[in-house]
Amino acid sequence: MTALGKLKFLAITAAAGALLAACGGGGSVSSPGEGQFATGGVTGGSGGSGGSGSASADCPTGFINLGTIANGTLRSCGIPRLVTGNLTLPFRPGTAYRIDGRVEVGQDLGPDAQNPRAGVQSGVLTIEPGVTVFGGIAEYLVVNRGSRMIADGTASRPIIFTSLNDLNGGPDLKGQWGGLVFAGRAPINRCPPATTSFPANPVACEFRFEAIQTINWGGNAANDSSGVLRYVQVKEAGYEVAPNEELNGITFGGVGNGTVVDFVQVHGGADDAVEFFGGTVNVRRLVLTEWDDDGFDTDEGYTGSAQYIINTSDRPTEEARCFEISGAGSTSGGAPLLRAHPKVSNFVCRLGQASSTFDSRQHQGLVLNGGTRADFLNGVIYSAHPSIPCIDVDGSSTMAEPRPTFASVALSCAGGPFRTTDNDQPTGPETLFNAGPNNIATGYTPTFSQGFINGSNESGRVATNPTPVSAFFLATNYIGAVSGLTDNWYVGWTCGLAGAASC
């Protein structure tokens, strides 16, 4: 059965289970994802959040009553499979909203922002602060091109996307539901086979999601908006659709810089925490914890900026990197048609523990490949594991001018600062790193509190003003993501960090 066929089968089965539960009147709902969980490794913490109090008596108008979950403390209200026009998920004590199969916000309006496809409808899904949304195995939410999701929480009332396993108080697992997918109309570098240069009108360059091949992204609107993600948690996502084809915690495909992404945590992803397939979206204040593959992954010509990134995983089970920065896409003469240019400032990458068990695959704090250009400023990459080096660079096109840059970056990896064997650019990482100002490859010892809060050795490093690199960056005078104990931007809305609830 194809990957798409499997998803259709699971979605149909989920709908049948929901209907049976509704007919039975209350009680636990039985469907894929409810009682049939993936077996991803435990990621730490003290188990799921469960519910408290009493379930609401019913669901808001327009939602399907699927009975109760979390030992009867939460009413499960199914979201319509297709959202067109405007739909709001209101906050109500004792209510959680179910992603029932595949939920789509709008239909695909196509790659041309000036000429949307005829006969299809857009949608806006608004989620109020404090709302909990959940899914089961193979269930996910898609925001299609031309539509938006407004998930605008607050520090005291974050919006939480999680799994049924979590709400039922189960152990902290990975891959318990599909995750969030945003498909936008910003440029990507996946173009028709005969293309030899990036087209003047990038509507010619659109592509389908590798995991769900009915989802398409890319287009001609760099400032496209897919909505707002602010004060949001995404937990236990990343379902594997087929071998090597996975959904991530959050997938950004061709998402434009009119989209707001700020104060977002992705915890316990079975694949990548966040992956950017092209696009221009800028992100700020990301907390990426206990992912399996990569924390922050880019492909297909991503050119956005990211600032204040806590990016850690102690026990990943795949070929793991905090940052996998790739320019993968269509090429001409070995060079990408549209060269990727991510810009990252104020970050902490911690990968693995000294006692972590890894397989024979390569693991690095940061890898640059596929002809990407990138700028990394004011950050720390560290690992206590003896087989993990800090930086790897692959491909002659990655070393092409203008080259990737580093400024005010500190390295401390037991596997060495640079990967120098088993690749085609053994001197590349050192060459790029030593060309930048205020970098330190050896002799630095991390003194973080809680693994990410700057201590004396971080505070003593010279920072680089990031604003000339990206207009999105805020001026800063420190390296790392959190300047010290009084810097509390991560407090109140996250899980599993210092002073926060467990995940």
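Trainee: What makes strand S6 and strand S9 a pair?

Mentor: The model is predicted, and the labels rest on its coordinates. Two strands pair if DSSP finds at least two bridges between them. Strand S6 (residues 102-105) and strand S9 (residues 140-143) have 4 bridges in the parallel sense, so they meet that cut-off. Val105 stands opposite Val143 in S9. Both strands belong to an open sheet of 10 strands, in the order S3-S6-S9-S12-S18-S20-S22-S24-S28-S30.

Trainee: Why are strand S3 and strand S30 called edge strands?

Mentor: Strand S3 (82-83) and strand S30 (391-393) each pair on one side only.

Trainee: How do you know that a disulfide joins Cys59 to Cys77?

Mentor: The sulfur atoms must be within 2.5 Å. For Cys59 and Cys77 the S to S distance is 2.1 Å, so the pair qualifies as a disulfide.

Trainee: Why is the disulfide of Cys59 and Cys77 called left-handed?

Mentor: Because the torsion about its S-S bond is about -95 degrees. By contrast, the torsion for Cys191 and Cys205 is about 105 degrees, so that disulfide is right-handed.

Trainee: Why does Cys59 count as buried?

Mentor: Buried means under 20% relative accessible area. Cys59 has 13% relative accessibility, so it counts as buried. Cys77, at 0%, counts as buried too.

Trainee: What is the pattern of the disulfides along the chain?

Mentor: The structure holds 5 disulfides. With bonded cysteines counted along the chain, the pattern is 1-2, 3-4, 5-6, 7-8, 9-10.

Key
Residues numbered from 1 in each chain as written. Predicted model: local features only at pLDDT ≥ 70, side-chain atom pairs only at ≥ 80, totals over all residues. Heavy atoms only, no water. Helix = DSSP H or I, 4+ residues; strand = E, 2+ residues; numbered from the N terminus. Buried < 20%, exposed > 50% of the residue type's maximum accessible area, 1.4 Å probe, protein only.
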